[in-house]
Amino acid sequence: MNIAEIEMQLADLVKQSFDSNEFPFKFLEIYNAPKATLTKLRSGTQNKGQLQSDVLWSRKLYFRCAPEGQVTATLDALRETKAAKSQKPRFLLVTDGREVAAYDTKIDDPQHFDFDKLNDRFDFFLPLAGIEKYEAVAENPADIKAAGRLAKLHDEIERHNPDWLVPEKRHPLNQFLTRILFCMFAEDTGSFPQDLFVRTISDFGGADGEHLQSLLKQLFDVMNVPDDRRGDLPAHIRAFPYVNGGLFADSTEVPVFNRRAKRMLVEAAQLDWREINPDIFGSMIQAVVDTEMRGDLGMHYTSVPNIMKVLQPLFLMSLEEEFERARGHREERSLLQKLLTRISKIRVFDPACGSGNFLIIAYRELRKLEMRIFQRLDEIGGGQTTWREQSGVKLSSFYGIELADFAAETTKLSLWIAEYQMNQRFKSLFGEAPKSFPLRDGGHIVCGNALRLDWLQVCPRPMKTVQKEKIFDLARVEKVHATEQVPDDEAETYVVGNPPYLGGKKLTPDQVNDMLAAGLSNMRQVDYVGCWFVKAVNYTIGSPTQFAFVATSSICQGEQVHLLWRYIFDRGHEIGFAYEPFKWSNNAANNAGVYCTIIGVRRSPDNLTKRLFASGYEKKVKSISPYLIEGAPIFVVPARKPINGLPEMCMGSNPVDGKHLVLSRSEFDRAVAADPGVERFLKRYMGGNDFIDGQQRYCIWIRDEEIEDALKHGFLAARIDACQKYRLTAGRDAKKAANRPHRFCYSTHEAAPAIICPNTSSSNRLFLPVGFVDDGVVINKEAFSIYDPPPFILGLMSSTMHRVWLAAAGGRIGDGFRYSVKLVYNNFPLPELSNADEQALEEASWQIIAAREAHAGKTIAWLYDPDTMPNNLHEAHRAVDEIIERLYIGRTFKSDSERLEHLFKLYAEMTTEKQREVALA
């Protein structure tokens, strides 16, 4: 049962007369309690309640009916009962039929409300159905403000230094901005003395910025010189510490400043950079230095909330759970020490790291958890934990690959910044921290093409040093005075990231070659991001490594599913967690309008919890389908012919005419008014949008035997001549059809009535809008057609069952559905239909048409908009649904998830090897 249905059934329950004996069982049934459990609770064999009227399901729910007006007192008493403490129910629930008092024991959350508002609080009890509310991490709006100020500075520097616009100056400019950013971070995070940088550039940069070029050059140079080698430098220069670490190793150029550029630099430096997330640090530089990327920052920048959606279920939740299990345990100190060891052995690898967002957040979260463990050890050890208990989280445990040189370098800098910030937090908690400078070695960041590199060369298998052993015989093994490197089975490696996603038609030749190099020669229809999934699968074979990527949702829709995910599952992997598709968003000024998902993959089988995240809730499940629903890995394979006994469907006709054979309504009216004789050569022309929006278009339709008569009409002759000229200069197929310019290049039209099915449709509609057209309508390539169909087909295609199947097996375009003949229609699982079944469906289908016609002048778009859909049309569709769903299981389905589960099961039964061979023949 889905969340919406729980709310609706609770609404029905509170409308019923309150029965204290039946209420708890009906309540639990709504939240999917097993029937066997309800039977045992009713009989008392599993009911652990203290009073005879109590219902206590261990670790789930303790219900007690209260005397009228005594719900609060009854809840207080229930909390203190021996049964509540020993059976540990998640929820305590008390009601007198007028008021409700409830308590979530896990999160310490009491609730009090009127009984008739129980359905408004449906989400409070969702954990009973195995659905936890997922708390996303909030974003920091200061990030985009900082990026904006930096962009203004960049633009002013380029305006005042036109000689820096050449490609050769790109790297020096990137390096300059990186160093400026470092200085601003360093003074606000305590690594530099307070306001050292902004005070120095303000006081010594010149009123018009005329001294800034030489000043900044001196500052950058001195930060690469140890204190004891600085000689007789001015005090304001010597005040800057020795940084090293490669950041200031190269002497580089500094641009010329003017008054305006100086002001912008000072304004940027005056921001409180402690509020800026270091994870956006490099992304800011990317967007700032490449002005073309600014509008696409939302595509390239992965926000903190989206990063946490990857990291939390991948490994952070597991660490938190281990921390919570240790608290209060009699072996707590030992368990916490083991957890610290585990954290120290975690490695994070981002093979599309950009500017290091994922690596920085992962480093930060591991350090924060580690410090909480230190604090807890301090509490149970009587205050003995000190700063000397050094962090086990090292920058050297973080790996990345990035194509752009400046982004790769910035990742190292961003990791150092994150380390400074965490060291400052460490100092605030434990009194001391490692010195900020000089910098130590950072993460292992490689500049290169991740799809051409061997990932094992970048992030090798973890090893450890052990003492060698000499085997003398089966009973005698002794240590020897030597060591060796062996695989470290306790180490954990997690591959993460937000690789680029591009459809096949948008790929450059180099990216096509990338796909071939990554092993996708037989998966060319898969999105570019699929390369990272394939590389990750091959990287993790033979190791417990897990990976999780942000990806376009298209890899879990349509034809891509069986191509990509069968490869993954066949190599011993499974989906460990997944998010339903969501629209990409972050704090960027222009958010990317892309639908994405986040998928975690690991070796299978295992007994670890699998999680599905949807609409802000988390559901624990046994298995996750590549269609991102609960279920086994079943793959819908394109079928050339229907496997369900339905008549064949085809794509509409395509003129390839340069728009010379197609007329708008106004063009049609003018042509007929000027020459009535042309009307017999014109037909209605209809695509998906024409059908849905009620638009009228026409096309020139001339049979070969009519061409001589048609050319006598000047209007037609001119259009045909224009079409021929267009085809002669167009593509290969168009050229082939240039000698018959009066005809469509591709024609599937038949002189027969047809069903029209738009090839795209909004997912907001409750039903897929399809319709009948007469034999005088030419259906174009923006729709599919079934010629001379049995009328009951319209009912089948308009059903909720078909819409649910389309949503899973079809493709997507934005937030809409993309219909497919081979995947959706030909594979639609159907039970056997008798003549009587078809007759009942036919009658119900005509009722849908009648309901539409009752609203003359209204478009299909209006009729099927959920906000305006007429009741009679809705009822006509529901009548179709009831007929169809009883054919499947003898009753109506309870939810879309139940529908889909049944459809996939039936599909698996229908597609035996023999049937598949026939379908694909």
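1. Two strands are taken to pair if DSSP finds at least two bridges between them, and strands (E, at least two residues) and helices (H or I, at least four) are DSSP runs numbered from the N terminus. In this predicted model, local features need pLDDT of at least 70 and side-chain atom pairs count only at pLDDT 80 or more, whereas totals for chains, interfaces and linings use all residues. Residues are numbered from 1 along each chain as its sequence is written, and side-chain values use heavy atoms, with hydrogens and water left out.

2. Strand β21 (residues 682–686) has pairings of both senses. With strand β26 (residues 777–779), β21 pairs in the parallel sense over three bridges, and Y685 has V778 as its bridge partner in β26. With strand β22 (residues 697–700), β21 runs antiparallel and is joined by four bridges; here K683 has C699 in β22 as its bridge partner.

3. Five strands form an open sheet in the order β1-β2-β3-β4-β5, and the pairing is mixed. At its edges stand β1 (55–57) and β5 (109–114), each of which pairs on one side only. From one strand to the next the twist averages 10 degrees, where axes are lines fitted to C-alpha atoms (for helices over the stretch in contact) and angles run from 0 to 180 degrees between N-to-C directions. Within this sheet, β2 (residues 61–65) and β3 (residues 91–95) run parallel and are joined by five bridges, with Y62 standing opposite L92 in β3.

4. Helix α2 (residues 23–30) lies across β1, β2 and β3 and runs at about 150 degrees to β2. Helix α4 (residues 71–79) lies across β2, β3, β4 (99–104) and β5, and runs at about 150 degrees to β3.

5. Which aromatic residue is paired with F91? The structure holds 44 aromatic pairs, counted where ring centres of Phe, Tyr and Trp (its six-membered ring) lie within 6.5 Å, with planes under 30 degrees apart called stacked, over 60 edge-to-face and the rest tilted. The rings of F91 and F125 have centres 5.4 Å apart and planes at 50 degrees, so this pair is tilted. The pair links distant parts of the chain, since F91 belongs to strand β3 and F125 to the loop between β5 and β6 (131–133), 34 residues apart.

6. A further open sheet has three strands in the order β24-β29-β28, with antiparallel pairing. Because β24 and β28 (811–813) stand at the edges with a single partner strand each, one side of each is left without a neighbour in the sheet. The twist here averages 35 degrees from one strand to the next. Three bridges pair β28 with strand β29 (residues 816–818) in the antiparallel sense, and G811 stands opposite R818 in β29. Helix α29 lies across β28 and β29, running at about 80 degrees to β29.

7. The structure holds two cavities of 30 Å³ or more, a cavity being a set of points, on a 1 Å grid over the protein atoms alone, where a 1.4 Å probe fits but cannot get out, and lining residues having an atom within 4 Å of a point.

8. Lining the second largest cavity are S761, S762, R765, F767, L768, P769, R803, L806 and F817. Both β24 (760–762) and α29 (800–809) supply at least two residues each of this lining. By class the lining has five nonpolar, two polar and two charged residues, where Ala, Val, Leu, Ile, Met, Phe, Trp, Tyr, Cys and Pro count as nonpolar, Asp, Glu, Lys and Arg as charged, and the others, Gly among them, as polar.

Methods: On a 1 Å grid over the protein atoms alone, a cavity is a set of points where a 1.4 Å probe fits but cannot get out, and a pocket is an open set with protein on both sides within 12 Å along at least five of seven lines; lining residues have an atom within 4 Å of a point. Grid points are joined across faces, edges and corners, and a volume is the space filled by probe spheres set on the points. Contact means heavy atoms within 4.5 Å.
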